[in-house]
Amino acid sequence: MNASIWSRTETILQRPPLPGDISVDAAVIGGGLAGVLIARCLSEAGVDTVLLEASRLGSGQTKNTTAKITLQHGLTYQRLIRQIGTEKARLYAEAGRRAVEEYRRLITEKNISCGFSQAPAFLYSLEEKNALEQEREAAEALGIKARLCAGTELPFPVAAALCFEDQAMFHPLSFLKAAAEPLRIYEETRVQSVEGRKVVTDRGTVMADHVVFACHYPFLNFPGYYFMRMYQERSYVLALKSAAHIRGMYLGVDKGGLSFRPHGELLLIGGGSHRTGENSAGGKYRQLQEAARQYWPQSREVARWSAQDCMTLDGIPYIGRFASSTSHWYAATGFQKWGMTSSVVSALLIRDLIVKGKSPWEKVFTPQRFSPSASAGTLFQETAQAARGLSRRWLAPPPAAVEALPNGRGGIVDCDGEKLGVYKDENGACFAVSAHCPHLGCQLKWNSDEKSWDCPCHGSRFSFRGELLDGPAQKELPHG
């Protein structure tokens, strides 16, 4: 199985499961970076907090990030000014700036060894510079220093690049390990339901005055309706040895643009983004390999992995009160592809809501917002996508027979009138699972690059054996 360089180079000691029923001030669900930082901020503010993790700390999306700490989030600020106005766009920028500063402060004060280093962050285009010039103007209007440049360290010419100085990068699991050290954490404790202030797990019940959902994608469909307001994307990363050393972090803004960042003697190259459930043909890793051979023919691949990101309708994370009917529930989700800064923003914002009752950033990130101009079209697309997925369950054309599947491939087959997902390994052994996602019933699709069954509606993923890899589903697939 593919594993990130972070997973290969850091070990986090296991915590015990929940020993039984307890009562606390706050329960945080999810042991990734967002959950740990939220629990830490609350604990430091004097709130008796417990963190519940279904598997192991950092076992979800945190281990798969490229770990860029930056308030440069693509071509973001010009869009935000048009979409939500200058005042709210400035608050978004302020939150990102504070997140970068908070990492720097915490790592320095606590002397955390996590490979933290400052570096410039660049957006670049191979095609034209107008969009980058507009982003520079928007950033500067919000108080962010940015400069346009014609050349970079990259081994190919660019039309232009936009530089944000004094950003940073680190080893996310090394940081997570240190940040989690003083916290009260229970691993291998899966939350099954939340009923008011009662958090029901497979190990016992937690009574909490405040409940924080920091589990990447909220697993409850109601209230909140997050399944109607988010979709998920996958992207892919290679770690290269013996590639040219670069100092900065880079993100291409053109369609199919690549991401780069150094880590010690390695270079990370990322790309191949697609909606989860739309990679039946595969080839994403191959595209990155071809780019590596073109730009650094002497390089050697030492690791590969993929990441999954929740994407909101308006391109702004959902951080704050979960829903109007649950004032003591909170959500931290929809981080797009900027989980490092969004995790800190979540910790500071939710701490202020619980301790002070308000946050100046809430008006930007509130999950209860709805902007018809920004969201209505996308909401229609997402609803249509889910409807297509559900209809495939009943209306898909007759799939190929099992015998027709080539070795090393997966596909939907009809077995006595029931649709199954079947994977045939390189030796011809077959693995059959239900082809229907247990979340809301959408028909799954095969991901050739990951050898997984992915849901095109809401992004749940399963191994070819049926094991749950990513939510919002909470159960594995029935299998033969």
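Biologist: In which hand does α2 pass α8?

Modeller: α2 crosses α8 in a right-handed sense. In this predicted model, the two axes come within 8 Å and cross at roughly 35°.

Biologist: Which residues of α2 and α8 meet there?

Modeller: From α2 (residues 33-44) the contact uses L33, A34, L37, I38, C41 and L42. On the side of α8 (residues 339-355), the partners are M340, S343, V344, S346, A347, L348, I350, R351 and I354. Sorted by class, this contact has 12 nonpolar, two polar and one charged residues.

Biologist: And how do the axes of α2 and α6 lie to each other?

Modeller: Helix α6 covers residues 172-180, and its axis comes within 10 Å of that of α2, with a crossing at roughly 30°. Angles under 35 degrees count as roughly parallel, so α2 is roughly parallel to α6. The hand of this crossing is left-handed.

Biologist: What makes up the contact of α2 with α6?

Modeller: α2 brings L33, V36, L37 and R40, while α6 brings F175, L176, A178, A179 and A180. By class, that gives eight nonpolar residues, no polar ones and one charged.

Biologist: Let us turn to the cysteines. How many disulfides does the structure hold?

Modeller: The general idea is that a disulfide is a covalent bond between the sulfur atoms of two cysteines. This structure holds one: C442 pairs with C457, with the sulfur atoms 2.2 Å apart. The two are 15 residues apart, and the pair links distant parts of the chain. C442 sits in the loop between β20 (430-434) and β21 (445-447), and C457 in the loop between β22 (452-454) and β23 (461-463).

Biologist: Why is the disulfide of C442 and C457 called left-handed?

Modeller: Look at the torsion about the S-S bond: it is about -105°, so the disulfide is left-handed.

Biologist: Are C442 and C457 buried or exposed?

Modeller: Both of these cysteines are buried.

Biologist: What about C437, which is in no disulfide: how far away is the nearest cysteine sulfur?

Modeller: The nearest one to C437 belongs to C455, 4.2 Å away. A disulfide needs sulfur atoms within 2.5 Å, and C437 is in no disulfide. C437 is buried, its relative accessible area being 3%. C455 is likewise in no disulfide, and its nearest cysteine sulfur is that of C437. With a relative accessible area of 1%, C455 is buried too.

How values were computed:
Residues are numbered from 1 along each chain as its sequence is written. This is a predicted model: local features need pLDDT of at least 70, side-chain atom pairs count only at pLDDT 80 or more; totals for chains, interfaces and linings use all residues. Side-chain values use heavy atoms; hydrogens and water are left out. Helices (H or I, at least four residues) and strands (E, at least two) are DSSP runs, numbered from the N terminus. Buried means under 20% relative accessible area, exposed over 50%, partly exposed in between (1.4 Å probe, protein chains only). Axes are lines fitted to C-alpha atoms, for helices over the stretch in contact, and angles run from 0 to 180 degrees between N-to-C directions. Angles under 35 degrees count as roughly parallel, over 145 as roughly antiparallel, 65 to 115 as roughly perpendicular and the rest as oblique. A crossing is left-handed if the near helix is turned anticlockwise from the far one by less than a right angle, and right-handed if clockwise. Contact means heavy atoms within 4.5 Å. Ala, Val, Leu, Ile, Met, Phe, Trp, Tyr, Cys and Pro count as nonpolar, Asp, Glu, Lys and Arg as charged, and the others, Gly among them, as polar.
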